Amino acid sequence: VSNPVPSMEMLERADGRRIRERLSTNENEFRPAAGVEHAIVAAAGEAHRYPDCDHFALRHRLADMHVTAPELIRIGTGADGLLGEICRTYLEHGLTAVTTEGTYPTFDYFARTSGASVCYAPYREDRVDTGELARLAVATQAHVVYVAEPDNPTGAVLGRRELLALADALPRHTLLVIDGAYADYQAADDRPTTADIITRRALWVRSFSKAHALAGLRVGYALGAPELIATLAERAEHYAVSRIAEAAALAALDEESHLAQMVAHTEEGRRHYTRELAELGLRALPGTTNFVTARCADAPAAEQLTEALLDRGIAIQHLDTPALNDCVRITVGPARQRATVLAAIRETLKGGAGDGS
Ligand SMILES: Cc1ncc(COP(=O)(O)O)c(C=O)c1O
C-alpha cells in the first residue's frame, strides 16, 4: 500500500515538468491573513521550546467555538494525521471499514495499513451513496464508516439531515468518521452541530489546511464524545503538532472576517469557473469546496486536458476512479490565476495542446 497523495514536489521530480500553478491538491490560493503570518513569525522565536503537547490553549479556543468542553477536542497533524490515529485506534486485522470508491483516499490507506479489510460503495449520480454505505456497514458489521462531507473529489454535500440519517442507520458499534476538511466552505446550518456529533458514535475531523490556509503547518482537530476522544489519545504521538502550528491555528481562529472573505472569494471563483467551463463544454458538478470538478467529453479528453495543462506548468487533477474518470478537478484561486487557467484550457481545447507556447 503506497502513499495515495504524493507531494507536488515528488510529482515534479518524477515527471520532470515544472509546476507553476499547483491546482491539484486544493491548497488555499488566497493565503492566510497577515495576522496569522505575524503569529507564525512570533512563534518562530520560541522554536527551541517544546510545544504544550496537551494543546490546552487551542483545545479551549475550539471548545468555546463549538460550545463544548476541551475534553471533546483532539488536536492532530491535519485531518490526515487524525485519520491515521483513528484507523490505528479503531481498526485492526479482522475488522472491516466502509468508504466510497474514489473518495479522498487517505482513510482507505490508513484503514488498509492497519490491517482491516475495506468495502467500497460506488458513487451514485456523482454523490456519496449513504444508503449503500449503511447497507454495507450492516452487511459486514463494519467497525468504521468514512464519509467526506463535503466530499472530495465530487465537491458534493449530503447535508445535515442525510448525514445524520446515515449515522443513525449504522450498527451500534460502528464509528462514523466525518471528514470535514471543507466544512468551512459549507453553509453553517447544513453542518452537523456539536450535539449531533457527541450524541452519536461519530468523530468530526476538521482541518486548518483549507479555508484557514495552513496546509504547510499540518494542524487539524477531531470533535467527538469524550470517551471516543480519550481512546484516540491513548495511542498518540505526543509532540507531533508543533508550537508554530498551534500559534498559527489560534491566530487563524481570530481572523473571522478574513475567513468569511476567503470563503466568499472562493464561492465567487467557483461560480466563475462553472460559467466559463460550461461555455467550453465542460460541466462543473455542484458543490461547496475550494475546488471545482468538471466533466469532460470522456476519460481520454480529461487526461489530455490535464497533460496539456501540465505542459504549460499548470497542475490540475485528472480523476482516475471509474465513475469519475471523465472529470478533472481544479483548485479555485484568485481571479488572475483563473484567467490564466481558463486561457490555457481554451487554447488546449482549440487544439493548441502540447505546442509549449
Ligand atoms: C477530504 C479531505 N480530507 C483531508 C484532507 C487533508 O487535510 P489535512 O491537510 O488537514 O491533512 C484533504 C486534502 O485534500 C481532503 O480533501
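Helix α4 (residues 78-90) is the top contributor to the shell around the ligand, giving 3 residues. Helices here are DSSP runs of H or I with at least four residues, strands are runs of E with at least two, and both are numbered from the N terminus. Bear in mind that this is a predicted model: local features need pLDDT of at least 70, side-chain atom pairs count only at pLDDT 80 or more, and totals for chains, interfaces and linings use all residues. Residues are numbered from 1 along each chain as its sequence is written, and side-chain values use heavy atoms, with hydrogens and water left out.

The shell has 13 residues, with Ala 79, Asp 179, Ser 207, Ser 209 and Arg 218 coming nearest to the ligand; a residue is near if one of its heavy atoms lies within 4 Å. By type, the shell splits into 4 nonpolar, 5 polar and 4 charged residues. Nonpolar means Ala, Val, Leu, Ile, Met, Phe, Trp, Tyr, Cys or Pro, charged means Asp, Glu, Lys or Arg, and the others, Gly among them, count as polar.

| Side chain | Ligand atom | Distance |
|---|---|---|
| Asn 152 | oxygen | 2.7 Å |
| Asp 179 | nitrogen | 2.6 Å |
| Tyr 182 | oxygen | 2.7 Å |

Taken alone, the ligand exposes 400 Å², and the protein buries 94% of that (Shrake-Rupley areas with a 1.4 Å probe).

Helix α4 turns up again in the second largest pocket, where α4, β2 (73-76) and α9 (226-234) each supply at least two lining residues. That pocket holds about 420 Å³ of space. Its lining runs to 25 residues, and Arg 74, Ile 75, Glu 85, Ala 236 and Glu 237 lie nearest its centre. On a 1 Å grid over the protein atoms alone, a pocket is an open set of points with protein on both sides within 12 Å along at least five of seven lines, while a cavity is a set where a 1.4 Å probe fits but cannot get out; lining residues have an atom within 4 Å of a point.

Helix α11 (residues 256-279) gives the most to its lining, with 3 residues.

Conventions. A polar contact is a pair of N or O atoms within 3.5 Å; within protein, one must be able to donate a hydrogen and the other to accept it, and residues adjacent in sequence count only if both atoms are side-chain atoms. Grid points are joined across faces, edges and corners, and a volume is the space filled by probe spheres set on the points.
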